[in-house]
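Hi everyone, thanks for coming.

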Amino acid sequence: MQSNNPEQQKATTGTTTATESTQQSQAEQQQTPPEATTAIQSVPQSEAVQEEQRKAEEYLDQLRRTQAEFVNYRRRMGKEQLEGRITAQSSLLYHLLPVLDDLELALRSAPAEMCPHSWVQGLFLVARRLESMLDQLGVQRVGAIGEQFNPRWHEAITTEACADAPEGTILDVLQQGYIIEDHVIRPARVSIAGASPQRETPTAQEKTDPNNRQKQAE
């Protein structure tokens with residue numbers, strides 16, 4: 001039943017208006033654009049993302065350094081193992097080479113009429129097997145007649161004057177040399193050609209001397 005009292009209607013109207021104003025204010029607060037909230041929260045979130053990216057880059061850099069160090073370590077260990085193996089083989093072969101030298105000397109000195117004997121053929125077989133073993137180990141001979149002298153691989157025992165060969169040419173091999181992986185087991189002991197003797201230049205008096213000109217013509 002509707003009240004006919006104007007005062008009562010006015011109070012009711014004011015209450016309704018206040019209620020509607022409150023509801024409208026709450027609705028406006030609820031309808032606040034999400035962009036504004038995102039803009040408020042984006043500042044700390046952006047800093048957090050940058051911090052995480054910085055940490056990720058640091059971890060990636062540390063991983064790369066660790067990987068590079070590991071690769072260098074493996075390379076260094078492989079090189080040291082190879083050098084150790086070559087050193088051990090060189091030491092063993094150095095003591096074995098004199099036996100091979102004596103065997104080859106004995107075979108070169110054997111008379112031709114004795115070569116058909118079975119025991120001489122057995123010595124040849126032993127020598128070939130030793131040479132095959134050296135080849136399998138990567139051992140190479142150095143020092144041959146006609147080669148140029150190399151102080152790294154050769155040891156000059158004597159020097160001979162030779163007009164037919166350039167200076168430093170190997171004229172004779174006194175003891176065979178051996179290397180493995182560019183590592184010298186034993187240098188070759190050789191005889192090399194020295195400097196050719198130079199003819200003395202005649203003086204002015206000798207040039208004008210008739211006797212000297214006659215000797216030069218002869």
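**The sheet, the pocket and the cavity**

Let's start with the open sheet: three strands build it in the order S1-S4-S5, with antiparallel pairing. Strand S1 (139-142) and strand S5 (183-186) are the edge strands, each pairing on one side only. On average, neighbouring strands of this sheet are turned by 35° against each other, direction ignored. That angle is taken between axes, which are lines fitted to C-alpha atoms, for helices over the stretch in contact, and angles run from 0 to 180 degrees between N-to-C directions.

Before I go on, a word on what you are looking at. This is a predicted model, where local features need pLDDT of at least 70 and side-chain atom pairs count only at pLDDT 80 or more, while totals for chains, interfaces and linings use all residues. Residues are numbered from 1 along each chain as its sequence is written, and side-chain values use heavy atoms, with hydrogens and water left out. Helices (H or I, at least four residues) and strands (E, at least two) are DSSP runs, numbered from the N terminus. Two strands pair if DSSP finds at least two bridges between them.

Now zoom in on the hairpin. Strand S4 (residues 177-180) pairs with S5 in the antiparallel sense over three bridges. Across that pairing, Tyr 178 stands opposite Arg 186 in S5, and Ile 179 stands opposite Val 184 in S5. Two residues sit between the strands of this hairpin, and Glu 181 takes a positive phi near 55° there. Asp 182 is also in the loop between S4 and S5. Is Asp 182 buried or exposed? It counts as exposed because its relative accessibility is 52%, the cut-offs being under 20% for buried, over 50% for exposed and partly exposed in between (1.4 Å probe, protein chains only).

Next, over to Glu 104, in helix H2. Glu 104 counts as buried because its relative accessibility is 13%. Leaving out residues up to four places away in sequence, Glu 104 touches Glu 131, Arg 141 and Tyr 178, where contact means heavy atoms within 4.5 Å.

H2 and strand S3 (170-175) each give two or more residues to its lining, and H2 gives the most, with five residues. What is the lining made of, in nonpolar, polar and charged residues? There are three nonpolar, two polar and five charged.

Last stop: the structure holds one cavity of 30 Å³ or more, and the largest cavity has about 40 Å³ of space. Its lining consists of Leu 96, Leu 97, Leu 100, Leu 130, Met 133 and Leu 134. Helix H2 (34-109) and helix H3 (118-136) are the elements that give two or more residues to this lining. The cavity lining is six nonpolar, no polar and no charged.

For the record, on a 1 Å grid over the protein atoms alone, a cavity is a set of points where a 1.4 Å probe fits but cannot get out; a pocket is an open set with protein on both sides within 12 Å along at least five of seven lines, and lining residues have an atom within 4 Å of a point.

Methods:
Points joined across faces, edges and corners; volume = space filled by probe spheres on them. Nonpolar A, V, L, I, M, F, W, Y, C, P; charged D, E, K, R; others polar.
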